[in-house]
Amino acid sequence: MTRKFQPTFAITRRTFAAGAGATAFAAGIGPFNIARARGGALKVGVLLPRSGYEAGIGQDCQRGVAIANPILKSLGYSELAIMNGDTESNVGTARARAEQLISDGAQLLVGAFDSGETTAIAQVAEQKGIPLVINIAAAPAITEQGYKFVFRNFPKAPTIVGDAFANQKEVFATVGKAPRTVVFMHVNDTFGTAMAKGINAMVPKFKMPYKIVEEIAYDPAARDLSVEVAKAKAKNPDALLVVSRLNDAILLTREMVKQRFTPQAILSMGPGWYDDQYFKALGKLSDGPISFVPWYDPHKKLTPVLQAALAKAYPGVQLNTNHIFTFEALLVAADAYKRAGSTDPKALAAAIRTTNITNNVSIGPGISFNAKGQNDKVKDGAIQNRGGKDVILAPKQAANAKPEWPMRSYRSRS
Amino acid sequence: MPLDVYLNVAVGGVLTGLVYGLMALGLSVIFGVVRVVNFAHGEMMTIAMFIAVVAFSAFHIDPLILLVPSAAVLFVFGYSLQAALINPFITRPEHAQFLLLLAVAIIISNALLIVFGPDARSVQTAYALASFQLGPLIIDASKLYAAAAAVVFTAALFAFFRFTLVGTAIRACADNYTGAQVVGLDVKRLYALTFGLGAACVGAAGTMLTLVVDTTPLVGPSYTLLAFVIVITGGLGSLPGALLGGVLIGLTEALAGLTFTPSLKSMFAFAVLVLVLLFRPQGLLGRRSA
């Protein structure tokens, strides 16, 4: 007698319908999964230019990420689950990586150092309803779009420029001298162009003692800046006013040495000139430039904590803008998560909007956001490279050194 | 603006252009004989740049000393690449060759990225920041040495093609492929040799360029594009044309940057290319095809 085989999981119409119903239900509630109850760590997608021509600065920002969790824990916050994304110094890639991180489960985004890349990420964040806390990006338009999920704890280009001019005047007053002519050299990317627009508009408004005798825009990815320096030198200016990135700051310095050109001062209103990579690449030649940048207040309680953590994790690396504001972006995220008690993006965004952190690192009264999502209280400092380190010249409440003016000739340093 | 500023910038442009010319020479040699457009040209140069960077950082070997060894390494690389990978594609459609070499380019740049990371690296020789003053002229020592080495290397290559039997055989292949086969030349081996020589030019140029610019794994495509602009301007397949094109583009970029705005340097280089294509499509020293 043969026995008929009976499958143990025979699919009947009833089981198929039940399975399909369950699948549909699961799929249906999928979108609501984002509003998970608090339990695990907040998943934070950190987007930075880790490769490409901005890689040096992107990787420097990453140091601020690497040291954040133990400090946040010591401040009573939950640790964050960091998801890394590389924008490759490219706007298109930044957009794609932001989408990827969100689809991989990121509940909040942080980034992305570059204004162009950050603009693209902000569009994605707003569209998907995931909060973005900008670490560094100065283009004003980012927080002028009426976005509900985009927050910036970094000054806008006009604020950087305004503070820079105020700090310049303070430095000139301290040394009792001021340049009469400057050549303005700037990168021609989104940040550089926005800064140039602001500087040109505000020099007359601030009644600066100098006149811009030449403006030289150049490609931040340029391989050779000899023509740019020759053009600047030909004007024989008292000082150079620069808006740079890291690689071009190094290239400009090398060219000035080769072309035997040392202005009285290099006044930088952007990144590059105070970076550790700048010190490392140029040694004695790195001394002298004065940078007007959002910086740390050495007198704040959290500053030595951040400095110690950085020194422990990266011996020889000094605290700078990249670490400060990347860390503070994560501080904002951790603080919002604590107060929201949820990973729901709307709850997180609402909590970020009511941020009021006074135990922070950057110059200014603390971190809070206006209706546009902008921290309009964060301030710039004036810092000078001296003996391979940065000293703070202005504002008075944060200063720890007097300016060295004029710069020592490059030729006398070899 | 004072005349000496123009003079300084022009000298700098010519010196850089000579190194560019050597780089483009490799592309011209390969195309002139093998009739394959090397889309991995810039990436091959990046290999040479990293050889120089590593040799300097590990053993303090000056790129000027490394010129010949680096060219030899790239020669072997180019020879092997042609013999193993490109020869089977010689008779295939051009788009298949393009895709093959683009794939090679992507593999090279990503391999370099994995090994060396994305940071810019430089070779800081004792004379890296030195310059010579001749009256109003200030000449960058690194650019001068790099350009001089490029001229010597180019002269040696010209001599090889003109005065050696192998060089003559390669020229015969370039002039008449069928004729070369009829007289019994080993065309496949000569093609591999030519590709190796082109790669050696790139190796020498890359090694010299580390004296002038920083190195990153992703600089390749911009140099490939630059090499194309130079050889098309000078005349595809013409060796003196490549050198002339290099000097012309170097000079144009420098003077345009000084006279107008440096942001527009590349635009002027491309403008020269467009003018050449309009009024002398075969390039400045190229031969008009029948």
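Helix H8 (residues 226-234) of chain A packs against helix H10 (residues 239-259) of chain B at an angle of about 35°, with the axes 9 Å apart. Axes are lines fitted to C-alpha atoms, for helices over the stretch in contact, and angles run from 0 to 180 degrees between N-to-C directions. Helices (H or I, at least four residues) and strands (E, at least two) are DSSP runs, numbered from the N terminus. The crossing of H8(A) and H10(B) is right-handed (the near helix is turned clockwise from the far one by less than a right angle). H8(A) contributes Val227(A), Glu228(A), Ala230(A) and Lys231(A) to the contact. H10(B) contributes Ala254(B), Gly257(B) and Leu258(B). Contact requires C-beta atoms, placed from the backbone, within 7 Å. These residues divide into 4 nonpolar, 1 polar and 2 charged. Ala, Val, Leu, Ile, Met, Phe, Trp, Tyr, Cys and Pro count as nonpolar, Asp, Glu, Lys and Arg as charged, and the others, Gly among them, as polar.

The model is predicted: local features need pLDDT of at least 70, side-chain atom pairs count only at pLDDT 80 or more, and totals for chains, interfaces and linings use all residues. Residues are numbered from 1 along each chain as its sequence is written, with chains lettered from A and ligands numbered from 1 in the order in which they are written.

Helix H9 (residues 220-234) of chain B is mostly covered, with 11 of its 15 residues buried. A residue is buried if 20 or more other C-beta atoms, placed from the backbone, lie within 10 Å of its own. Among the buried residues are Tyr223(B), Leu226(B) and Ile230(B). Their cover includes helices H1 (3-34), H2 (41-59), H4 (94-116), H10 and H11 (265-279) of chain B. Gly235(B) follows H9(B) and has a positive phi, near 120°.

Chain A holds an open sheet of 5 strands in the order E2-E1-E3-E4-E5, with parallel pairing. Pairing requires at least two DSSP bridges between two strands. E2 and E5 (150-152) are the edge strands, each pairing on one side only. Neighbouring strands are turned by 25° against each other on average, direction ignored.

Strand E1 (residues 42-48) of chain A has 6 of its 7 residues buried, so it is largely enclosed by the rest of the structure. E1(A) runs parallel to E2 (residues 80-86) of chain A, joined by 7 bridges. Here Leu47(A) stands opposite Gly85(A). E1(A) also pairs in the parallel sense with E3 (residues 108-111) of chain A, over 4 bridges. In E3(A), Leu108(A) is the bridge partner of Val44(A), and Val110(A) that of Val46(A).

Terms used. A residue is buried if 20 or more other C-beta atoms lie within 10 Å of its own, exposed if 12 or fewer, and partly exposed in between; C-beta atoms are placed from the backbone. Two residues are in contact if their C-beta atoms, placed from the backbone, lie within 7 Å.
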